[in-house]
Structures are given as C-alpha cells and as structure tokens.
Amino acid sequence: MSDPEFEWIDGDRPQLMLRGDWAVATIGGIDGQLRKFAETHSDKGLATVNVEALTKLDTAGAFIIDRTLRALSEGEPGLTGANDEVADLLAQAREIATREEHAPPVDEPGHGFVDLLERTGRGAEHMWDEALETLSFFGGTLAAVSDIVIRPAQMRWTALVSVMEEAGLDAVPIIAFLSFFVGMVVAFIGATALAEFGASIFVVEMVGIGVLRELGGVLVAIIIAGRTNSAFTAQIGAMKMRQEVDAMQTLGLDAMHVIVAPRVIAMVIMLPVLTFVGMLAGLAGGVVVGWLALDINPTVFFNRLQEYVPISQFWIGMSKAPVFGLAIALIGCRQGLEVGGSVQSLGEHTTKSVVQAIFAIIVIDALFALLYMELDI
Amino acid sequence: MSPEIAIRVRGLKTAYGNHVVHENLDLDVRAGEVMGVIGPSGCGKSVLLRAIVGLKKPSEGEVDVFGTDVMSLFGEDYATLQKLWGIMFQDGALFSNLTVQENVMVPMKEHADLPLKLMKELADQKLKMSGLEAWTGCKYPSDLSGGMRKRAALARAMALDPPLLFLDEPTAGLDPITATGFDQLIRELQKSLGLTVFLVTHDVDTLAVTCDRIAVLGEQKVIAVGTMDELRREPHPWIQDYFGGPRGRGAAMGAG
C-alpha cells in the first residue's frame with residue numbers, strides 16, 4: 001500500500017499528477033491538503049490530469065479526485081494515462097456529484113428569543129394535548145370495557161387470564177418480600193421513637209395504620225408500575241413497531257378490545273389482590289419485629305390490632321387499589337401504542353410510561369388522602 | 001489456470017435443533033464474479049449467507065473467505081476480514097437510532113481513518129450512488145419507505161468499497177424501474193471495482209442482467225451451478241419450473 005500523492009506541474013497547459021493508492025483506507029491523510037490546494041489553485045486553469053502512476057482507485061478515491069477537479073476547473077480537464085476502470089470510476093463520480101437534487105425545503109430550528117418563546121408555547125400546548133389524549137384514551141377504554149361487560153362474548157379470556165398470571169400472580173413473591181421488609185422497617189423506626197416515651201406498645205397502631213391505610217397500597221402500586229408497566233409498554237410498542245397493531249386493525253380487530261381491555265380489567269382485578277398480599281406481609285413484618293425486638297407477643301399484637309385499628313383503615317387502603325390498577329394499565333397501554341418506528345422511541349416511551357405511572361400513583365394517593373380527610377374517616 | 005476463489009464452502013452442515021438446513025454443501029465463488037443464489041423459499045439461502053459471514057455457526061464443514069477460515073477467526077483477525085465485505089440484509093437492518101447518513105458512516109468510523117467532513121461527503125456520495133438523494137441522509141430509517149431503506153442499506157454495505165459484497169434479496173419489493181437501476185448499479189460497480197458479489201435473489205430479471213453464474217440450492221445442498229443458459233438445460237424439475245415458468249421465460253426474452 002502506498003500513500004496517495006499529487007503534484008502540480010506548471011506550464012502552458014498546467015498538469016495535475018496523481019500517484020499512489022487512492023482508496024478509502026489511504027485518502028484520510030491527504031484530504032486536508034487537497035482541500036487547501038484546490039482553494040489556492042482554482043484560478044490557474046488546469047488543463048490535464050495525469051493518472052498514469054495511479055496504483056489503486058475506488059469510489060471514495062474517485063470522489064475526492066473529482067471534487068478537486070470540479071474546484072480546479074469549470075469544464076472537464078483532459079485525462080491522460082487512464083485505463084477503462086479509472087475513467088469509468090471518475091465519470092461515475094462526476095455524474096453522481098453533479099446530479100440534480102430535488103430536496104424539500106428544510107426548516108432550520110432557530111435559537112433566538114422569539115424561537116424560545118415559540119418552543120415554550122409549543123411545549124405548553126403539547127402538555128395540554130397530552131392531557132386531552134390521555135383523557136380520550138381513558139374514554140375509549142371505558143367504552144371498550146363497558147362494551148365487553150354488556151356482551152361478555154367479546155372478552156378475550158385467554159389474554160385476560162394470561163395477563164393476570166404474568167402481571168399478578170408472578171409478582172406475589174416480590175411483593176410479599178418487599179412489603180414484609182417495609183413492615184419491619186416501620187416497626188423498628190416506631191419502636192425507637194416510641195421507646196423514649198415508654199410507649200413501645202403503640203408500635204401496633206403505627207404498623208397497623210401505616211401498612212393498611214397507606215404503605216400497603218402505594219408500595220404495591222409502585223412495584224407494579226415498575227414491573228408491569230414497562231412490560232406492557234415494551235410488548236405493545238414492539239407490536240406497534242412491527243406493524244402488528246396495524247394488521248389487527250385491518251383484520252377488523254379493535255386494539256382497544258384486544259390489547260387494552262384485557263390488560264385494564266386484569267390489573268383492576270389483580271391490584272386489590274396484590275395489595276391484600278402486601279398488607280398481610282407488611283403486618284407480618286411488624287409482628288416479627290414486635291416479637292423479637294420489643295417483646296410484644298403476637299397474640300398481644302393481634303388483640304391490640306383488632307381493638308385499636310378500625311377495619312375502616314383496611315377498606316381505605318383497599319379502595320385505592322383498583323384505581324391504581326386502572327391508572328397503571330391505562331398509562332402502560334397508551335405509551336405502548338404511542339411508540340413510533342424506532343428503537344429509540346420504544347425506550348423513550350417505556351421510560352415515560354413508568355415515570356407517568358409513579359407520578360399518577362402519588363397524585364391519586366394524595367387526592368384520596370384529601371377525600372378521606374374531608375369525610376373524617 | 002483456475003481462477004482465484006473468493007469464497008470456498010466445503011461439506012457445510014447447518015442445523016437449527018433437529019431441523020437440518022444444509023448437509024454436505026459445497027460451493028465455490030470465484031473472485032470478480034457475480035454469483036446468484038436461488039432456490040425455493042425456506043431452502044436456506046439466507047442461512048448460507050449467514051454461515052459464510054460467520055453469523056451462524058455450522059455444525060460441520062468449513063468456510064474460507066479469501067483463503068482464511070472464517071470459523072477460526074475472532075477478535076482482531078475477524079475485524080480485518082470484516083473490512084473486506086459489505087453485507088446488505090433482507091430488510092435493511094439499518095440502525096434505527098441513527099440517521100441514514102450516520103448509518104452509512106458507521107463502517108467508515110469503525111474501519112477507516114477519515115476526517116469527519118470527508119466521511120459525510122463520502123456518505124452522501126454512497127447514498128447518491130445507490131439512487132437516493134443526499135438530503136435523505138438527515139432522515140431516520142423509520143421516516144423512509146421500504147425501497148429507500150433498501151438503497152440506504154446498500155449504501156452502507158458499500159461504504160468501504162469492499163471487494164466482496166453480500167446482497168440478500170436486494171431487489172425484492174422494489175418497483176421494476178428501480179430494480180433495473182439497482183441491477184445496473186451492481187453490474188457497473190462490479191466491473192469498475194472488480195467486486196465479487198454473492199447475491200441471494202428471487203428475481204429472475206436480476207439473475208439475467210447481473211449474474212455471471214447461478215447456484216441453485218435445494219434438498220439441503222447445491223443442486224446445480226452454472227450460467228443461466230447452462231441451467232436452462234439442467235433436467236432437474238425445480239430448475240425447469242423456475243426458468244420455464246412465465247416469469248423465467250419473460251426474463252430470458254428480455255435478456256436475449
């Protein structure tokens with residue numbers, strides 16, 4: 001392999017000598033020199049190009065030679081010492097470089113103050129649209145679900161059961177495990193704080209109310225948002241990318257019925273079940289800490305729990321679960337259906353889906369807290 | 001003197017589980033020729049391509065590309081061999097998170113030492129060469145039509161002017177005029193650069209216009225190899241049906 005070289009030979013008929021390998025692997029080093037050379041010699045009236053000593057040429061080499069020639073002279077300079085292949089490659093490069101283009105006009109995004117205002121406006125409008133679309137998606141889902149309730153024959157039972165298993169049953173171990181530990185942590189914190197007042201026994205109320213009213217439901221919903229939401233979005237998004245959703249629609253299958261409704265129904269059924277599991281595990285965590293660290297006998301614990309923690313706390317916690325399930329499934333499915341053609345958009349929407357779901361869970365929980373406070377429960 | 005062999009496949013056996021795709025398959029592709037590979041759907045044309053470039057590990061047999069055993073290579077040596085070939089996959093396989101221009105620049109960035117500006121110019125040149133307009137370079141693959149993606153994939157395969165080009169169904173799904181342009185482009189490049197082309201296709205017109213020789217796959221091996229005229233005289237029923245069918249006859253008339 002020899003490096004490419006060029007030489008300008010002045011005279012009546014100025015000549016450009018080219019030597020060496022002009023190929024993609026070798027031209028990297030000479031590109032800068034050649035550009036400068038083309039600028040300084042553009043008015044010298046190049047007459048011929050001598051390629052006798054050219055040892056190798058490929059389309060990249062032809063491109064860079066042709067680019068230089070176009071800069072050096074307006075017409076086509078004579079070519080000496082070229083064999084057929086070299087002449088063909090150079091002719092092809094010239095043809096390609098001078099081919100007319102019909103590019104559509106491109107709007108360059110600006111960076112001024114007005115553009116900033118414009119982008120802000122668009123962003124605000126986009127947020128409003130997003131909220132509207134989520135609402136309309138919610139409406140569409142409700143329509144599909146009520147349609148199924150009226151005519152149960154339309155229900156995809158297999159899909160429903162399979163989602164219930166994947167997103168519900170399979171999540172039981174992780175939910176029980178994490179809830180158990182959170183219950184333990186609450187009991188420990190309570191024990192240290194309450195021991196100062198000599199009121200360790202109140203740990204029962206603390207664990208009971210904390211786990212039943214708030215932690216059980218919210219913890220389960222957040223775990224499911226991370227675990228199942230991403231799965232929903234990725235599954236549906238991949239179907240969208242491979243045009244499976246389009247194929248469904250052309251076959252007369254409504255995506256709302258086939259994809260969204262089973263997932264929504266499954267989640268609305270399964271989240272209360274999982275929440276119940278989470279609550280039991282959380283209480284068990286409290287019992288274990290009470291027994292081992294605080295000398296509160298399990299019998300004492302449960303007696304006190306029955307006496308001082310009203311059953312309404314349990315129902316408050318359970319009442320939130322189906323709403324969380326609905327929000328999680330809706331957001332997961334909607335983001336999945338929003339996925340465009342690229343892998344990047346799949347990743348973006350999966351992230352969005354999990355973030356929006358967790359956001360929704362916290363906001364819904366706060367709204368419930370306000371509601372029950374007003375109701376004095 | 002026998003011509004130099006670019007790809008030599010000997011006793012190849014590939015299998016997916018219990019399903020044997022090829023058994024005892026031999027094939028030679030000479031340097032500087034366009035070898036067309038045809039065969040019924042599902043006979044393993046694409047699998048053969050994958051086996052040659054080292055994407056599918058065969059159960060038995062050996063594959064030599066330019067005299068090196070593909071199976072025995074890894075790391076640096078494999079990368080050196082990779083510089084020698086460009087592959088265009090059936091559905092393009094463009095990287096969807098890169099623009100079309102960046103897609104074409106990937107092999108250049110990886111294997112050649114070029115200034116960024118020149119790389120961009122060369123990418124535009126390759127795009128134009130494969131029949132796209134340079135402004136499509138700033139689009140993402142998902143914004144392009146199927147035919148445009150194919151051309152972009154060809155541009156990426158040719159980015160380094162590799163001496164060996166693998167094309168998997170390059171003209172499938174293209175309109176006849178575009179397909180003809182594609183055929184001519186392959187032929188022109190092959191002539192001016194002395195490329196070796198391994199071309200998997202179903203398109204009889206492509207075979208007639210571009211291929212020097214044609215290999216027919218079937219029954220887990222190569223049934224016949226030869227020029228189009230030689231294959232026409234081959235008694236094998238599938239080959240007779242292939243070239244004797246309405247499409248085959250039309251292409252023969254067009255080429256003759």
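**Close-up views of the predicted two-chain model**

**The crossing of helices α11(A) and α12(A) is right-handed.** The model shown here and in the legends that follow is predicted. Helix α11 of chain A spans residues 311-338 and helix α12 of chain A spans residues 343-374; their axes come within 9 Å and cross at roughly 155 degrees. Because angles over 145 degrees count as roughly antiparallel, α11(A) and α12(A) are described as roughly antiparallel to each other. On the α11(A) side, the contact is made by A:I316, A:K320, A:V323, A:F324, A:A327, A:I328, A:I331, A:G332, A:Q335, A:G336 and A:E338. On the α12(A) side, the residues in the contact are A:H349, A:K352, A:S353, A:Q356, A:A357, A:A360, A:I361, A:I364, A:D365, A:F368 and A:Y372. Sorted by class, the contact of these two helices contains 12 nonpolar, 6 polar and 4 charged residues.

**Helix α7(A) packs against helix α9(A) at an angle of about 145 degrees.** Helix α9 of chain A covers residues 255-293, and its axis lies 7 Å from that of α7(A). The crossing of α7(A) with α9(A) is right-handed. The residues of this contact divide into 16 nonpolar, 7 polar and 1 charged.

**A:I201 occupies the loop between helices α6 and α7 of chain A.** Helix α6 covers residues 172-195 and helix α7 covers residues 203-241. A:I201 has 15 other C-beta atoms within 10 Å and is therefore partly exposed. Leaving aside neighbours within four places in sequence, A:I201 is in contact with A:I296 and A:R304. A:F301 is 100 residues away from A:I201 along the chain, yet the C-alpha atoms of A:I201 and A:F301 are separated by 8.4 Å. For the chain as a whole, 84% of the contacts in chain A between residues at least 6 apart in sequence join residues at least 24 apart. Chain A contains 12 helices and 4 strands, and 34% of its 377 residues count as buried.

**Chain A meets chain B through 24 residues of chain A and 22 residues of chain B.** Helices α1 (31-40), α2, α3 (84-98) and α12 of chain A each supply at least two residues of the side of chain A that touches chain B. Helix α3(A) gives the most to this side, with 5 residues. By class, the side of chain A that touches chain B has 9 nonpolar, 9 polar and 6 charged residues.

**The largest nonpolar core has 99 residues.** The residues with the most contacts inside this core are B:M35, B:V37, B:I52, B:A155, B:V197, B:F198 and B:L199. Beyond its neighbours within four places in sequence, B:M35 is in contact with B:V29, B:V197, B:F198, B:L199, B:C211, B:R213 and B:A215. Another core lies apart from this one and has 58 residues, including A:A191, A:V207, A:I265 and A:V309.

**B:E169 has a positive phi, near 50 degrees, in a residue other than glycine.** B:E169 is found in the loop of chain B between strand β7, residues 164-168, and helix α6, residues 176-193. A residue is buried if 20 or more other C-beta atoms lie within 10 Å of its own. B:E169 has 20 such neighbours and therefore counts as buried. Across chain B, 45% of the 256 residues count as buried.

**B:Q220 has a positive phi of about 70 degrees although it is not a glycine.** This residue lies in the loop between strands β9 (213-218) and β10 (221-226) of chain B. B:Q220 has 18 C-beta neighbours inside 10 Å and so counts as partly exposed. In total, chain B has 10 helices and 10 strands. Of the contacts in chain B between residues at least 6 apart in sequence, 66% join residues at least 24 apart.

How values were computed
Residues numbered from 1 in each chain as written. Chains lettered and ligands numbered in written order. Predicted model: local features only at pLDDT ≥ 70, side-chain atom pairs only at ≥ 80, totals over all residues. Core = buried A, V, L, I, M, F, W, Y, C linked by C-beta atoms within 7 Å. Buried ≥ 20, exposed ≤ 12 C-beta atoms within 10 Å, placed from the backbone. Contact = placed C-beta atoms within 7 Å. Axes fitted to C-alpha atoms, helices over the stretch in contact; angles between N-to-C directions. Parallel < 35°, antiparallel > 145°, perpendicular 65-115°, else oblique. Left-handed = near helix turned anticlockwise from the far one by under 90°. Nonpolar A, V, L, I, M, F, W, Y, C, P; charged D, E, K, R; others polar.
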